Amino acid sequence: MKNLLILIGCMFIFSVQAQEIKWMSMNEALEAQKQTPKKIFMDVYTDWCGPCKLLDKKTFHNKDVVDYVNANYYAVKFNGEGTEEIRYNDFTYTNPNHNPNRKGRNSQHFFANALKISGYPSIVFFDEKGNLIAPVVGYKTPKQLEIYLKMIHNDDYKNLTSADAWQKYEQSFVSTFSN
């Protein structure tokens with residue numbers, strides 16, 4: 001009986017672990033692209049941001065989102081006000097104005113600034129060569145995020161050159177993710 005309980009406990013732990021996005025740093029993702037080209041999906045968050053925490057808890061733990069992101073992207077978690085050193089396009093981005101003693105908002109990381117992040121959370125997509133595709137600002141439910149995940153992965157965004165084309169694409173999109 002004791003062994004059965006241990007087995008059930010282990011199965012539960014593994015099923016919970018299996019439903020997590022495999023996050024890495026931007027530097028790790030750019031290195032991984034050199035071996036196996038894949039688009040990058042970046043979550044730009046801050047420690048004080050409520051919608052960022054909601055996105056992490058609700059959307060990034062949704063089984064459909066987890067499975068799709070893990071299968072099709074290198075997933076990067078990046079604190080837009082953190083101190084991580086990022087090497088991108090022959091430049092090293094840092095946050096020299098970060099104040100570790102400050103509570104709440106802090107200075108924006110130079111990489112977040114270079115990506116023109118205007119709000120948190122932001123999801124930023126990069127192509128297989130690490131080139132910026134687009135940022136998507138704000139909290140998204142799994143179903144709201146799905147259209148961006150699939151549009152970018154399938155390169156459909158390359159044909160959406162007007163607001164009218166986006167509207168038609170959005171209206172014809174059939175969601176398969178659950179909220």
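The legends below describe close-up views of a predicted model.

Residues are numbered from 1 along each chain as its sequence is written. In this predicted model, local features need pLDDT of at least 70 and side-chain atom pairs count only at pLDDT 80 or more, while totals for chains, interfaces and linings use all residues.

**View 1. The largest pocket and its lining.** The volume of the largest pocket is about 210 Å³. A pocket is an open set of points on a 1 Å grid over the protein atoms alone, where a 1.4 Å probe fits, with protein on both sides within 12 Å along at least five of seven lines; lining residues have an atom within 4 Å of a point. A volume is the space filled by probe spheres set on the points, which are joined across faces, edges and corners. Among the lining residues are N27, L30, R87, Y88 and N89. The elements giving two or more residues to this lining are α2 (26-35) and β4 (86-88), and α2 gives the most, with five. Helices (H or I, at least four residues) and strands (E, at least two) are DSSP runs, numbered from the N terminus. By class, the lining has two nonpolar, four polar and five charged residues. Ala, Val, Leu, Ile, Met, Phe, Trp, Tyr, Cys and Pro count as nonpolar, Asp, Glu, Lys and Arg as charged, and the others, Gly among them, as polar.

**View 2. N89 in the loop between β4 and β5 (91-93).** N89 also belongs to the lining of the largest pocket. Its phi is near 50°, a positive value in a residue other than glycine. Most residues other than glycine have a negative phi.

**View 3. The second largest pocket.** This pocket holds about 150 Å³ of space. Its lining includes D47, W48, H98, P100 and R102. The lining residues divide into two nonpolar, six polar and three charged.

**View 4. Helices α4 (residues 63-72) and α6 (residues 142-153).** Their axes, lines fitted to C-alpha atoms over the stretch in contact, come within 11 Å and cross at roughly 20°. The two helices are therefore roughly parallel to each other (angle under 35 degrees). V65, Y68, V69 and N72 in α4 meet P142, L145, L149, K150 and H153 in α6, contact meaning heavy atoms within 4.5 Å. The contact residues comprise six nonpolar, two polar and one charged.

**View 5. The cis peptide bond between Y120 and P121.** Omega is about -5° for this bond. P121 lies in the loop between α5 (110-114) and β6 (122-126). Most peptide bonds are trans.

How values were computed. Heavy atoms only, no water. Axes fitted to C-alpha atoms, helices over the stretch in contact; angles between N-to-C directions. Parallel < 35°, antiparallel > 145°, perpendicular 65-115°, else oblique.
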